[in-house]
Number of protein chains: 2
Amino acid sequence: MKSLPEKKNLSEWFTQVCLKTELADYAPVRGCMVIRPAGFAIWERIRDFLDREFRELGVRNAYFPIFIPESFLLKEKEHIEGFAPQCAWVERGGEEELEERLALRPTSEAIICSMFAKWVRSYRDLPVLVNQWVNVIRWEKTTRLFLRTTEFLWQEGHTLHRTEAEAEEFALKILAVYERLLGEFLAIPVLVGEKPESERFAGAKRTYTLEALMPDGQALQAGTSHNLGQNFSRAFEIRFLDSDNSEKYPFGTSWGVSTRIIGALVMVHGDDRGLVLPPGVSETKVVIVPILTKEAKLNESLLSKGREISDRLREKGISSYFDERTEFSPGWKFNEWEMRGVPLRIEIGEEEIKNKTLCVKKRTNEKRERVKEEEIGARCEVFLKEIQEEMKKKAREFLSERISRVESLAEAKRVLQEKPGFFLISLCGERECEDRVRQETKSSPRVIPDGGKRGGRCVVCGSEAKYEVYFARAY
Amino acid sequence: MKSLPEKKNLSEWFTQVCLKTELADYAPVRGCMVIRPAGFAIWERIRDFLDREFRELGVRNAYFPIFIPESFLLKEKEHIEGFAPQCAWVERGGEEELEERLALRPTSEAIICSMFAKWVRSYRDLPVLVNQWVNVIRWEKTTRLFLRTTEFLWQEGHTLHRTEAEAEEFALKILAVYERLLGEFLAIPVLVGEKPESERFAGAKRTYTLEALMPDGQALQAGTSHNLGQNFSRAFEIRFLDSDNSEKYPFGTSWGVSTRIIGALVMVHGDDRGLVLPPGVSETKVVIVPILTKEAKLNESLLSKGREISDRLREKGISSYFDERTEFSPGWKFNEWEMRGVPLRIEIGEEEIKNKTLCVKKRTNEKRERVKEEEIGARCEVFLKEIQEEMKKKAREFLSERISRVESLAEAKRVLQEKPGFFLISLCGERECEDRVRQETKSSPRVIPDGGKRGGRCVVCGSEAKYEVYFARAY
């Protein structure tokens, strides 16, 4: 029996859960990981969810090269300053020394905008709405499975619009898609809003973010959507002839979520026994375990019952796995599948067959429920919905317990000590005051909530506050 | 109106079709391309087809790092010799000079086998069946859109088995999957069989291949499946404890198809007017064009009829696009959609509305057929199936016309002149004789057909033939 550390030792628990449930493994290259089939299946479900939503918005998938010539990165000044320290460089290909070194994409604005400049001529070519699912490279100093790795997978969307208002509207539409992905599909509640200037994407005019809270009270940025204004259009000389016959620069957006949200999923929902997966992302929604003992061996009636239940579930579109293995005990299997986070378990023994009932257990509580055999499909559907709602509720409750409004730096420090999480604070918007909060609380500004009240006083300098902003320590 | 070169100027035609139908574009990095949404949609359909087939075989998707430490590549001698000249190297990451340089994967046996060595302990862990959809890098000297690029996309499967027979069987199962993909789904007939030793994958025991024929008579390798024997298991020290309690090396396979098959798809089926897409890979299966004239403007009855037809098609699961644009003439639209390869076109005008009939035209011929409105869904289903069969038949006929059995080098040369394609020739199996054929005919051995007759004499040295093998000039 594999055993896990308790979840209160979050860091060690997290690593062991990822390794033992075979979501991922360390690769023999510094800072890199292997995403194993159990982990990749979650990523595929996230991809399918987003691809459906993106298609609704008219976004189409494409593929742009991983190589970005250094001169391209240099075109947008803030962009290169932000990313150069993290770039990996190719200087030699085959037998030849390259004339210009190539960065492996840390993000693809530069290469994509260079193509947009070729493709966009007229207002009729707008909007341009593309997305790609790719690997990206950022040379990180300290790395953690899923949360921060030298190579990771993400989707990055890039769009161009005729007007500033359209670009802004599109960046917000994507933010809403991400909120559904996180809040609904993954049952991870998030604080949504704008980043303060100091935390903006390098080259963006506005960065919107979704911030989740981990069990240790640290925030995790789970997705971003950027309004790029005309910054990249100007840098890459993307111009279009508008209907008024004048040449203009279009307005851009870019946006992405990465495999790091699988790390958030593990941390937010898991418990001492292992993973707890929202039904939507679990490859197997129901595991069926025959109750075998020394007396009750695996016999024809158990086998055919197991397959029958499996078929009934399939009719409802519920994927299941009938664990017929004889080398493991039922207890071992219960633990194994609970560790792997399968939402529902059905037990079948001689008694169940006799009574035409089944014993069903949710991953999220300890109760076993008796269900009539003929109702199993319909009841499992209901149970899965309940699990989803229970997971959302539990995560939301944790988040709201860990949000505090503070009126002073002293209060912020006390709150971080007592119940680590987000604290909401009023600031004047000057970098100096923000930095003071950072230093004193060892945390960073995460998100300015939409419609946050503008009144009040800056907690540092006492002058009129420009906004309220959530601070937290962060991954 | 965009115009294309004639297909008989194959090379120029190919490039223009890829660019003008927006399948792809040249990237501003030597030898790299951008796969635009129209091209990527084809790749997504290929991915979906293969993922379904792989799942049936128990294969699961995963993700392994793009970086391969040089020392890993060095472990399998033939492997490094085969790939080193094409590797791109990362020697600097962020601010640091790396201790060991990293290759960007030209293929992933080395990194994947290093992980398998960690994961496999017992015969119970076998078979291991994984696949990944990734970018790969091979520093090519001369490049062509889709057919040969420095970076390309592919799927690469990697498996481990308990016995040699199981590995061989699995390599052949995958070969059969690829044959269905090419021959059925993409309507590209292929010659299937083994590669002679000189053309084997670097490190493989046996390489199976699928060879398609392009309109200029040149072969194109469309997919390979390798039986790796124990070569990589030994090199990477992958060992398992078998049920007889002895330690053994498992047997491996690896296999892949890449975005180059999109190039084959374009060349095999296209014509002077542009792309011809098999219905299964066409994003839009039917385009609906309202016949507008100066007199007949786009009115409510045309609009609602177009949408009604679209709905009827959707009920049958047939994706369609109603081209309501008023800035282009019907003739322009006909040409445009034919160039893009959409399989079916429906025309609706005032007369059609009055008679409750529709005019349907296949991309593959010149005939317009009248179809009763209420039968449109069912008839389009039939038309699409017919198109698929017509495309298969036409491509098969071309291939069989271009296969010749030759008895001498002189005959081979004459045949290559008169009707370029494959020639089947008997060889003794000595490298010297094979090389003589290569030099004299400027072609290469492509595939040893399964069950090819073993009798006869080597056309070069006259000694007993070991096998018959198809030669061709190749992309």
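Biologist: How far apart do the C-alpha centres of domain 1 and domain 3 of chain A lie?
Modeller: This is a predicted model, so the value is computed from predicted atoms. The domain assignment of chain A gives domain 1 (10-269), domain 2 (284-385) and domain 3 (403-472). Between the C-alpha centres of domain 1 and domain 3 of chain A, the distance is 28 Å.

Biologist: Which strand of chain A gives the largest share of the side of domain 1 that touches domain 3?
Modeller: The contact joins 15 residues of domain 1 of chain A to 14 residues of domain 3 of chain A. On the domain 1 side, strand 9 (191-194) and strand 10 (206-213) of chain A each supply at least two residues. The largest share is 4 residues, and it comes from strand 9 of chain A.

Biologist: How do the residues on that side of domain 1 of chain A divide into nonpolar, polar and charged?
Modeller: The side in question is the one that touches domain 3 of chain A, and domain 1 brings 15 residues to it. They divide into 5 nonpolar, 5 polar and 5 charged.

Biologist: Now the two chains. Which strand of chain B gives the most to the side that touches chain A?
Modeller: The contact takes 39 residues from chain B and 39 residues from chain A. Several elements of chain B give two or more residues, including helix 2 (37-56), helix 5 (109-119), strand 7 (128-137) and strand 8 (151-161). The most, 6 residues, comes from strand 5 of chain B.

Biologist: How many residues on that side of chain B are nonpolar?
Modeller: Chain B places 39 residues in its contact with chain A. Of these residues of chain B, 6 are polar and 8 are charged. The nonpolar ones number 25.

Biologist: What is the bridge partner of C359(B) in strand 19 of chain B?
Modeller: Strand 18 (residues 357-362) of chain B runs antiparallel to strand 19 of chain B. The two are joined by 5 bridges. In strand 19 of chain B, the partner of C359(B) is R370(B).

Biologist: Is the peptide bond from L126(A) to P127(A) cis or trans?
Modeller: Most peptide bonds are trans. P127(A) is in the loop between helix 5 (109-119) and strand 7 (128-137) of chain A. The bond from L126(A) to P127(A) has omega near -5°, and it is cis.

Biologist: What is omega for the bond from L126(B) to P127(B)?
Modeller: P127(B) sits in the loop between helix 5 and strand 7 of chain B. The bond from L126(B) to P127(B) is cis, with omega near -5°.

Biologist: Is F146(B) buried or exposed?
Modeller: F146(B) is in the loop between strand 7 and strand 8 of chain B. It is not a glycine, although its phi is positive, about 65°. A residue is buried if 20 or more other C-beta atoms lie within 10 Å of its own. F146(B) has 24 such neighbours, so it counts as buried.

Biologist: And N245(B), is it buried or exposed?
Modeller: N245(B) is in the loop between strand 12 (240-241) and strand 13 (247-248) of chain B. Its phi is positive too, about 70°. N245(B) has 6 C-beta neighbours inside 10 Å, so it counts as exposed.

How values were computed: Residues numbered from 1 in each chain as written. Chains lettered and ligands numbered in written order. Predicted model: local features only at pLDDT ≥ 70, side-chain atom pairs only at ≥ 80, totals over all residues. Contact = placed C-beta atoms within 7 Å. Nonpolar A, V, L, I, M, F, W, Y, C, P; charged D, E, K, R; others polar. Domains from an automatic or database assignment. Pairing = 2+ DSSP bridges. Buried ≥ 20, exposed ≤ 12 C-beta atoms within 10 Å, placed from the backbone.
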